[in-house]
Number of protein chains: 2
Amino acid sequence: MAKDTIHDAVKNALEKEGWSVTDEPMMVRTGGVALDMDLAVEKLMQAVKENERIIVEIKSFKGPSLIYEFHAALGQYINYRGALSDESIQLEIFLAVSAGTFRKFSRSEFYLRRMKENNVKLVVVNIIEEIIVEWIK
Amino acid sequence: MAKDTIHDAVKNALEKEGWSVTDEPMMVRTGGVALDMDLAVEKLMQAVKENERIIVEIKSFKGPSLIYEFHAALGQYINYRGALSDESIQLEIFLAVSAGTFRKFSRSEFYLRRMKENNVKLVVVNIIEEIIVEWIK
């Protein structure tokens with residue numbers, strides 16, 4: 001798949017907060033398929049003196065149908081999480097979306113309910129300023 | 001959305017087994033969105049002398065990327081199930097796929113694992129003969 005239009009802005013925002021990219025993409029092979037997850041990043045956590053490592057899947061939601069893209073992103077997130085579990089890769093996965101997309105989600109309770117119900121973790125990014133607005137776990 | 005290419009074949013197969021279409025599509029409004037589910041069908045169950053009613057969402061998987069379409073179909077299925085639950089609509093939902101698509105899924109353990117893990121119910125249809133091959137619950 002081609003890189004998402006907000007890919008570089010998200011990566012820059014993560015790097016500004018001290019995250020380093022370790023894999024771009026991170027390929028996971030499992031059960032007869034190969035999955036390319038957009039980014040794996042890591043950061044030294046001062047409090048515990050350990051590296052934290054996470055996976056970030058980036059979605060711009062720039063297409064004509066917000067709900068159809070949401071179906072696809074939710075399914076992909078759940079499938080990636082399942083693949084990581086199958087391979088005993090203990091990394092949390094975050095869906096990166098723009099602040100504009102998150103505002104759209106917030107206008108309909110449906111989106112918020114589905115993300116909560118399915119334990120979707122989000123990182124919301126201001127794409128213009130390339131800064132992280134919020135982590136939602 | 002336009003009707004799926006295998007829509008009519010699935011409908012005919014259901015009707016051959018005694019199911020009657022009650023809604024095409026069935027629209028569910030919930031939490032600020034409107035969802036069009038492909039079919040609601042019902043059938044008199046002789047054993048219990050009651051009508052059983054189910055929802056069937058039809059997917060042809062004719063695009064270039066099986067895995068991307070699978071992400072989208074899984075997310076849509078989970079979102080529809082959540083919407084029905086939010087609205088206290090107690091109908092089971094089935095994903096209708098062709099026998100050819102099901103064979104493709106069966107070649108990679110990944111697909112079977114993800115469907116089982118997420119409790120996806122399937123109805124597998126022979127699209128040429130327009131007959132139901134299998135219900136998988």
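The structure is a predicted model, in which local features need pLDDT of at least 70 and side-chain atom pairs pLDDT 80 or more, while totals for chains, interfaces and linings use all residues. Residues are numbered from 1 along each chain as its sequence is written, and chains are lettered from A and ligands numbered from 1 in the order in which they are written.

Although Glu130(A) is not a glycine, its phi is positive, at about 55 degrees. Most residues other than glycine have a negative phi. Glu130(A) is classed as partly exposed because 17 other C-beta atoms lie within 10 Å (20 or more within 10 Å means buried, 12 or fewer exposed, and values in between partly exposed, with C-beta atoms placed from the backbone).

Phe61(A), also not a glycine, has a positive phi near 55 degrees. This residue occupies the loop between strand S5 (50–58) and H2 of chain A. Phe61(A) has 20 C-beta neighbours inside 10 Å and therefore counts as buried.

**Cis peptide bonds**

In chain A, the peptide bond joining Glu24(A) and Pro25(A) is cis, with omega about 0 degrees. Pro25(A) belongs to the loop between strand S1 (20–23) and strand S2 (26–30) of that chain.

Chain B has a cis bond from Glu24(B) to Pro25(B), where omega is near 0 degrees. Pro25(B) is found in the loop between strand S1 (20–23) and strand S2 (26–30) of chain B. Most peptide bonds are trans.

**Organisation of chain A**

Chain A contains 4 helices and 8 strands. Read from the N terminus, the order of its elements is α-β-β-β-β-β-α-β-α-α-β-β. The C-alpha trace of chain A spans about 40 × 40 × 30 Å along its principal axes.

Of the 137 residues in chain A, 36% count as buried. When contacts in chain A between residues at least 6 apart in sequence are considered, 56% of them join residues at least 24 apart (a contact requires C-beta atoms, placed from the backbone, within 7 Å of each other).

**Interface with chain B**

Between the two chains, 24 residues of chain A contact 24 residues of chain B. Helix H2 (66–86) and helix H4 (109–117) of chain A each contribute at least two residues to the side that touches chain B. H2(A) provides the largest share of that side, namely 12 residues.

On H2(A), the contact involves Asn79(A), Gly82(A), Ala83(A) and Asp86(A). The partners on H4(B) are Phe110(B), Arg113(B), Arg114(B) and Glu117(B).

**Symmetry of the pair**

Chain A is superposed on chain B by a rotation of 180 degrees with 0.0 Å of shift along the axis, giving an RMSD of 0.0 Å (least squares on C-alpha atoms with pLDDT of at least 70 in both copies). The two copies are therefore related as by a two-fold rotation axis. Both copies use the same surface, since 100% of the contact residues of chain A recur in chain B.
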